[in-house]
Amino acid sequence: NTPKDTPIMMYCTGGIRCVKVGAYVTQKLGFANVSRLAGGIIAYDRKIQKEEKENSIFKGTNFVFDGRLGRTITDDDFAECITCGERTSLVTNCFNDNCHKRMTQCEKCRSAFMGTCSDACRQRVVNVMLTNNKTNTEDESTVSEDKSSTQQQQNFDNLEDYSNGYSTPPPSFYCEVEFNTQHFFESGAHMISGESQGRLLTQLASLSREGRVLEIGTFTGYSTACLLEGVANAGEAINFEGKGGRDGGPYVMTLERDPRALRLALAHLKIMTENGIWEDGAE
């Protein structure tokens with residue numbers, strides 16, 4: 001019974017769903033006065049950041065569909081911690097892989113429950129850690145005369161572990177980048193490329209034509225460093241002399257919109273430039 005000229009205003013995370021729903025409401029339901037927030041809350045957030053004097057009408061955390069899960073717009077907390085009931089805005093998934101429940105949990109409970117949603121999930125994570133530690137201890141204490149035979153008998157739980165098991169370990173610098181990311185971006189540290197992806201990025205960049213790469217999403221610089229390592233190899237392959245740039249030669253252009261992540265990435269890349277990626281760069 002709603003009049004067809006009733007104003008309908010829509011908004012969503014990035015605007016895409018509003019385009020689809022708007023078409024349905026207009027074409028199928030017959031409403032004539034339908035409008036939407038162009039670009040969604042993501043675009044609105046960018047606008048607010050540029051115009052610092054304007055206060056955000058949107059309050060709290062905007063749910064996003066990438067590894068961050070939530071993008072803080074204001075400091076307002078509207079959700080409740082699944083564990084203690086306190087107000088929070090931290091969106092995460094249960095650390096127990098068999099559960100992986102989407103939830104909101106405060107920092108205190110996240111630390112106490114090791115990122116899990118319940119005592120049962122926490123105990124399972126503890127049991128897995130104890131099992132892995134026991135296995136590692138037994139492996140270290142076992143001396144094998146035939147290393148190749150031992151490698152053939154190794155069991156891996158997934159493709160990433162298999163890749164890491166048969167790949168050259170990354171330079172020490174990357175371990176420091178992972179550590180710093182975990183410290184400064186605890187809720188988003190899982191977005192870092194990691195060992196297997198990082199080595200693959202280096203290999204792909206090494207095979208690129210003239211070593212020229214565009215990266216969308218610098219985050220804290222792990223993948224960027226891997227790409228830089230690769231384009232340097234590509235430059236050596238074509239006997240390029242000098243320093244590459246936008247006009248030619250080995251070059252990585254990387255884009256990042258989060259200023260906090262960008263500052264940390266710049267610090268990491270400065271260390272890489274001045275000290276390299278081996279032990280000196282990790283001190």
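Predicted model: local features only at pLDDT ≥ 70, side-chain atom pairs only at ≥ 80, totals over all residues.
1. Let's start with helix 2: among the elements that cover its buried residues are strand 3 (61-63) and strand 4 (70-72). Helix 2 itself spans residues 40-50, and its buried members are G40, I41, Y44, D45 and I48. Looking down the axis of helix 2, these buried residues stay within an arc of 145°, so they line one face of the helix. As background, an α-helix has 3.6 residues a turn, so residues three or four places apart point the same way.

2. Helix 2 also turns up in the second largest pocket, where its 4 residues are the biggest contribution to the lining. At least two lining residues each come from helix 2, strand 3, strand 4, strand 9, helix 9 and helix 10. The pocket holds about 1100 Å³ of space. Its lining counts 42 residues, and R68, G70, R71, M191 and D258 are the ones nearest the centre.

3. Where does D258 sit? It belongs to the loop between strand 10 and helix 10. With a relative accessible area of 16%, D258 falls under the 20% cut-off and therefore counts as buried. Setting aside residues up to four places away in sequence, D258 touches R71 and F185. R71, like D258, is listed with the residues nearest the centre of the second largest pocket.

4. Next, helix 9, which runs over residues 222-237. Its 16 residues reach 23 Å from first C-alpha to last, close to the 22 Å expected at 1.5 Å a residue. Buried positions in helix 9 are Y222, S223, T224, A225, C226, L227, E229, G230, V231, A234 and G235. Which elements do the buried residues of helix 9 pack against? They pack against helix 7 (172-184), helix 8 (194-207), strand 9 (212-216), strand 10 (251-255) and helix 10 (259-275).

5. In the loop between strand 9 and helix 9 lies F219, a residue other than glycine with a positive phi near 50°. F219 is buried, at a relative accessible area of 14%. After helix 9 comes N239, whose phi is also positive, near 60°. For context, most residues other than glycine have a negative phi.

6. H100 is another non-glycine residue with a positive phi, here about 55°. Its place is the loop between strand 7 and strand 8.

7. N96 is buried, at a relative accessible area of 8%. Neighbours within four places in sequence aside, N96 is in contact with T116, C121, R124 and V125.

8. Finally, strand 7 contains T92, which counts as buried at 10% relative accessibility. Which residues does T92 contact, leaving aside its neighbours within four places in sequence? The partners are L69, K101, R102, M103, Q105 and R110. As a distance you can check directly, the C-alpha atoms of T92 and M129 are separated by 20 Å, with the two residues 37 apart along the chain.

Conventions
Residues numbered from 1 in each chain as written. Heavy atoms only, no water. Expected span 1.5 Å × (residues − 1). Buried < 20%, exposed > 50% of the residue type's maximum accessible area, 1.4 Å probe, protein only. Contact = heavy atoms within 4.5 Å. Arc of directions from axis to C-beta. 1 Å grid on protein atoms, 1.4 Å probe; cavity = no way out; pocket = protein on both sides within 12 Å on 5 of 7 lines; lining within 4 Å. Points joined across faces, edges and corners; volume = space filled by probe spheres on them.
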